[in-house]
Amino acid sequence: MSPNIRSFVRDLAGDLLYATGITQPSKRIKDHPFSIVTFHRVLPAELLKSYPINGIAVTPSEFEWFVKLFKKHFICGTLSENFARWQAGEVTERPLLSITFDDGQLDNFVYAQPILKAAKIPATFFAVTNGVEYNETLWYDRLAYAAVKAGKSPVNIVEQAKTLSVGERLNLVQKFEQEVGGLARPDWDGMMNWQQLAELAEYGHEIGCHSMTHPILPLCNDTSLQDEIVLSRKILQENLNTPITSFCYPNGDADQRIINLVEEAGYTKAVTTKWGQNNNSNSPFTLKRFDIQGKTSRSRLGDLSESRLAWRLSPYFPKRM
Ligand SMILES: [Zn+2]
């Protein structure tokens, strides 16, 4: 099938499924599903141009559109609030959905927070404690910015780096940065600080833990896992004076050793990057999420499509589309 025909068929299928009702969230309420959506960055178009991993970014107007539709079709609440309702088997008017943000980027506070405030929707923000404490750019962003400056493909280099040991990965980041004359992050970029996280918590949002340095956890030794999972939680709790009960595995990577430690550390749930909605058979420590992007929610004509988003958030969406 040519790409044009394929996108036509895809739009048509999305519209038909929506018209029959099977992809409409309200029609699935008897299954008692719990949907969690993932965002990373919310960047205006002019900043998005200089952000190398733009597949994990949406614009403020796209985000506003998503929030409006989530509010229309779901009961939106923080991960902890909706998780409690879901676990209790609470019967709700619409299905449950929680908006989550990974990484604690400053753009979340500047561009997403006002939109959530206007819509009166609380979300969950997963912070990386060294990012908060030292305004330390996460390793994958450092590597991507430096790779672009060095004329290399940032996405491929970041993907390859995820397979390296912690030490090898840091060496690679430093090698690239030396090559291009130091930290290549633009001035507008940065991480949220303690004050901003405290403000989010004050507005009713939840702060969750996303480790101390955003490593690939299964590649870490037991000693560093204590810092990444246990100490990071303690630091967040002490600085924000609020219980931290949700964990997010960096890059979604976890094995049984990691899952056990997260549970022992006192978290009550953890999210992965595994695609899909949660049903009663899901373990609280391997919750699935839907990664949300602007481009995959658009029709072939380029407009954001309600039927397409509803299809993507349904169990009927084929992974390869
Ligand atoms: Zn992350």
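**View A. A nonpolar patch on the surface of the predicted model, made of Ile-5, Phe-8, Val-9, Leu-12 and Leu-16.**

**View B. The zinc ion and its donors Asp-103, His-210 and His-214.** The zinc ion is coordinated at 2.1 Å by OD of Asp-103 and by NE2 of both His-210 and His-214. Along the chain, the donors of the zinc ion are arranged with the spacing D-x106-H-x3-H. Asp-103 and His-214 are both buried.

**View C. The aromatic pair of Trp-139 and Tyr-140, with Arg-169 over the ring of Trp-139.** A search of the whole structure gives 15 aromatic pairs, among them Trp-139 and Tyr-140, whose ring centres are 6.2 Å apart and whose planes stand at 90 degrees, so that the pair is classed as edge-to-face. Trp-139 is buried, with a relative accessible area of 5%, and Tyr-140 is likewise buried, with a value of 9%. The charged end of Arg-169 is placed over the ring of Trp-139, at 4.5 Å from the ring centre.

**View D. The aromatic pair of Phe-247 and Tyr-249.** The ring centres of Phe-247 and Tyr-249 lie 5.6 Å apart, and their planes are at 70 degrees, which makes this pair edge-to-face, because planes over 60 degrees apart are counted in that class. Phe-247 is buried, at 0% relative accessibility, and Tyr-249 is also buried, at 0%.

**View E. An aromatic cluster that includes Trp-65.** Phe-39, Phe-63, Trp-65, Phe-66, Phe-70, Phe-101 and Phe-125 together form one aromatic cluster.

**View F. A lysine charge over the ring of Phe-176.** The charged end of Lys-175 is positioned over the ring of Phe-176, and its distance from the centre of that ring is 5.5 Å.

Technical notes. Residues numbered from 1 in each chain as written. Predicted model: local features only at pLDDT ≥ 70, side-chain atom pairs only at ≥ 80, totals over all residues. Heavy atoms only, no water. Patch = residues over 30% accessible without salt bridge, like charges linked within 9 Å, V, L, I, M, F, W, Y side chains within 5 Å. Areas by Shrake-Rupley, 256 points an atom, 1.4 Å probe, with all protein chains shown as cover. Salt bridge = Lys/Arg side-chain N within 4 Å of Asp/Glu carboxyl O. Phe/Tyr/Trp six-rings, centres within 6.5 Å; stacked < 30°, edge-to-face > 60°. Buried < 20%, exposed > 50% of the residue type's maximum accessible area, 1.4 Å probe, protein only. Lys NZ or Arg CZ within 6 Å of the ring centre and 35° of its normal. Donors = N, O, S within 2.8 Å, 3.2 Å for Na, K, Ca; no water.
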